[in-house]
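Below is a short briefing on one protein model. Look at the sequence and the structure, then read the points by topic.

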Amino acid sequence: MGKEQPYLRRINATIDHIRAHPDGDLSLATLAGVAGFSPFHFHRIFSGIVGETVHDFVLRVRLDRA
């Protein structure tokens, strides 16, 4: 499993943060900080695990709560 498990934990923590703070600052830089990655690396890892971009995920969460 190697790197996958810690990455998955960090992405799940970020998803939890997005869902808990849908009206907060959910910029790429902020979310990358929550996950502990650089923005570039975070975007690649997030998209690979979740299957959509960070922006699209944030928009979907915000629309679901509206």
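In this predicted model, arginine 60 has a relative accessibility of 36% and counts as partly exposed, because that label covers values between 20% and 50%. The side chain of arginine 60 meets that of glutamate 52 in a salt bridge, at 2.6 Å from N to O. The structure holds 1 salt bridge.

**Charge pairing**
- Side chains of opposite charge can pair when their charged atoms come close.

**Helix 3: length and end**
- Helix 3 runs over residues 39-50 and has 12 residues.
- From first C-alpha to last, helix 3 reaches 16 Å, close to the 16 Å expected at 1.5 Å a residue.
- Glycine 51 follows helix 3 and has a positive phi, near 90°.

- Phe42, Ile45 and Phe46 of helix 3 are buried.
- These residues cover an arc of only 100° around the axis, so they lie on the same side of helix 3.
- An α-helix has 3.6 residues a turn, so residues three or four places apart point the same way.
- Phe40, Arg44 and Gly48 are exposed on the other side of helix 3.

**Helix 3: neighbours**
- The buried residues of helix 3 pack against helix 1 (4-20), helix 2 (28-35) and helix 4 (54-65).
- The axes of helix 1 and helix 3 come within 10 Å and cross at roughly 90°.
- On the helix 1 side, the contact involves Tyr7, Leu8, Ile11, Thr14 and Ile15.
- These meet His41, Phe42, Ile45, Phe46, Ile49 and Val50 in helix 3.

Definitions and conventions: Residues are numbered from 1 along each chain as its sequence is written. This is a predicted model: local features need pLDDT of at least 70, side-chain atom pairs count only at pLDDT 80 or more; totals for chains, interfaces and linings use all residues. Side-chain values use heavy atoms; hydrogens and water are left out. Helices (H or I, at least four residues) and strands (E, at least two) are DSSP runs, numbered from the N terminus. The expected span of a helix is 1.5 Å times one less than its number of residues. Buried means under 20% relative accessible area, exposed over 50%, partly exposed in between (1.4 Å probe, protein chains only). The arc is that of the directions from the helix axis to the C-beta atoms. Contact means heavy atoms within 4.5 Å. A salt bridge is a side-chain nitrogen of Lys or Arg within 4 Å of a carboxyl oxygen of Asp or Glu. Axes are lines fitted to C-alpha atoms, for helices over the stretch in contact, and angles run from 0 to 180 degrees between N-to-C directions.
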